[in-house]
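Please open the model in your viewer and show it as a cartoon. The tour goes from the whole chain to single residues.

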Amino acid sequence: MSKGRIKKVAGPLVIAEGMKDANMFDVVRVSDERLIGEIIEMHGDQASVQVYEETSGLGPGAPVESTGVPMSVELGPGLIKSIYDGIQRPLEKILEVSGTNLLSRGVEVPSLDRDKVWEFKACKKTGDKVEAGDIIGTVQETEIVSHKIMVPYGICGTLKSISDTSAKVTDKVAVVTDDKGEDHDITLMQKWPVRRGRPYKEKLPPDRPLVTGQRVVDTMFPIAKGGTAAVPGPFGTGKTVVQHQLAKWAEADIIVYIGCGERGNEMTDVLNEFPELIDPKTGHTLMERTVLIANTSDMPVAAREASIYTGITIAEYFRDMGYSVALMADSTSRWAEALREMSGRLEEMPGEEGYPAYLGSRLAQFYERAGRVFTLGSDEREGSLSVIGAVSPAGGDISEPVTQATLRIVKVFWSLDSSLAQKRHFPAINWLTSYSLYLANMGTWFNTNAASDWMELRQEMMNLLQDESKLNEMVQLVGMDALSAPDRLKMEAARSIREDFLHQDAFHEVDTYTSLKKQHMMMQLVLDFYNISLKALDQGADVEKLVAMDTREAIGRFKYTEEDKLEGAYKKILDDLNAEVQKIISEKEDF
């Protein structure tokens, strides 16, 4: 264990000398207050330490002690429903210990509760052969999450002892004897260094979607299970609400939400909302399957840099159990700002806009940890980790380095548009500038599992929206009256797609979530209006009467129809549409 002394303090950066026996990324304790930090650079016996707590009052000569272990997280029962800071310190426990809402310096609280007793149910027996990743037993962590206790990485052998028991996270629940005859105690808890991805057997192709219930996402720009997506947008365009919606409704077993450098009131919304939200799949609160990492903008900047690694390591742990995990990082721009600040204090050569030259590679290291995989272990277990990162470009300029570096890595780009937000169109995802590179891989899945004509209808809607964009330029020059009847109808159909399909009310109890079946019906209704009306035009119907049909109101309100009433409502609207169009055609013939 290396011990040194502070030579220089520069904000969250501390230079310590006499640290020649320490290693890169070792966790250190700084000063007599034992502030927690991490070595991020070594020069001879001098170590640059990133301190994760407020450093005011520190001075040269104060002791610095290396713990000899890298920055790691504790993984075990008790993670779910917990609220941590960026380095996995439980905020509620810190509140109990310090008695103040502000983070006290040097508080040492274990990440997992050492006193709580869990009921361990063994699913292997003495004498069984086990290897790293094998599930040896389970703990019912919450009513809906069964926490699977796995053999830690690097251990392989025969179970010497195992039984059902009541245990704390540090208690021994099994013993594995390896090939050399050495015994390894297995506890309910294991540790893992945050900057190293957890291993797996094989990465699988991204050919099935993460269904979110958000129409613009699922239909237009879907994300794959195990995929990566970015949500860049200027202030006020609804990035955080989009992420809240995905956290609430995405088809994931576990949610890890990282509030990285965001405003405190936004994290407060999450903390207040999630315990009250009833998960429709389980009937329990959303917190029963959520881990929250709160590292708000007023917390130490260095811990912000660590927070996304803490979050993704916890997410990988649940992925290894065979769960589908969705991770929300809000926002990676604030993380990059922390990276820039630390880089500046290290006096590194700045890259574009002052960000370090390694910004792109650090972002890639984070996003590349996503994926759908076969996990370690003798049984074939599939888990997935989908990563959705919000980006907050200054002034909404997506040509800035963080957004551009992110877009080079992720496969889905949901472009939030301030002009749509100003028109109160939410989610404000621009359908002309967004994209999903997973579409080609997932077309077969949608056509097989959702509807045989899903991709065809989607393409027809996209064509109408693109045509509307071109026609809009003409309308602005010469007015709507100058358009031909088919073009006028096309504009109305595109308006219907925008207002009735793409616009979705996150706060409406029915419209907040739309199943794939309902999304398909909504696509059909909007396109039926267009195609039936187009045929009516050929038969001499008046375009103004077609556009003003009463049935259009019913098509627009179909999104508020409850799931168990879809069939009847859909059939009635279709019948009314055909009847009304026939009436308009017959009026023309009478005339």
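What follows is a list of stops, each with something to select.

**Whole protein**

The model is predicted. Start with everything selected and coloured by secondary structure: the protein has 16 helices and 26 strands. Its radius of gyration is 28 Å, close to the 25 Å that the globule rule gives for 591 residues, so the protein is as compact as a globular protein of that length. Along the principal axes, the C-alpha atoms fill a box of roughly 95 × 55 × 40 Å.

Buried residues account for 55% of the 591. Of the contacts between residues at least 6 apart in sequence, 70% join residues at least 24 apart.

Now colour by charge. There are 67 positive and 91 negative side chains, and the centres of these two sets lie 3 Å apart.

**Serine 436**

Select serine 436, in strand β26 (residues 435-436). Is serine 436 buried or exposed? Its relative accessibility is 10%, which is under the 20% cut-off, so serine 436 counts as buried.

Leaving aside neighbours within four places in sequence, the contacts of serine 436 are Phe221, Pro222, Lys411 and Val412.

**Two cis peptide bonds**

Go to aspartate 330 and serine 331, which are joined by a cis peptide bond with omega about 10°. Serine 331 lies in the loop between β22 (324-330) and α6 (332-345).

Then select phenylalanine 426 and proline 427. The peptide bond from phenylalanine 426 to proline 427 is cis, with omega near -10°. Proline 427 is in the loop between α9 (418-422) and β26, the strand that holds serine 436.

**Two positive phi values**

Select serine 31, in the loop between β3 (26-30) and β4 (35-43). Its phi is near 65°, a positive value in a residue other than glycine. With a relative accessibility of 10%, serine 31 counts as buried.

Finish at glutamate 347, in the loop between α6 and α7 (359-367). Glutamate 347 is not a glycine, yet its phi is positive, at about 60°. How is glutamate 347 placed, buried or exposed? Its relative accessible area is 65%, over the 50% cut-off, so glutamate 347 is exposed.

Definitions and conventions
Residues numbered from 1 in each chain as written. Predicted model: local features only at pLDDT ≥ 70, side-chain atom pairs only at ≥ 80, totals over all residues. Heavy atoms only, no water. Helix = DSSP H or I, 4+ residues; strand = E, 2+ residues; numbered from the N terminus. Rg over C-alpha atoms; globule rule 2.2 N^0.38 Å. Buried < 20%, exposed > 50% of the residue type's maximum accessible area, 1.4 Å probe, protein only. Contact = heavy atoms within 4.5 Å. Lys, Arg positive; Asp, Glu negative; His and termini not counted. Charge placed at Lys NZ, Arg CZ, Asp CG, Glu CD.
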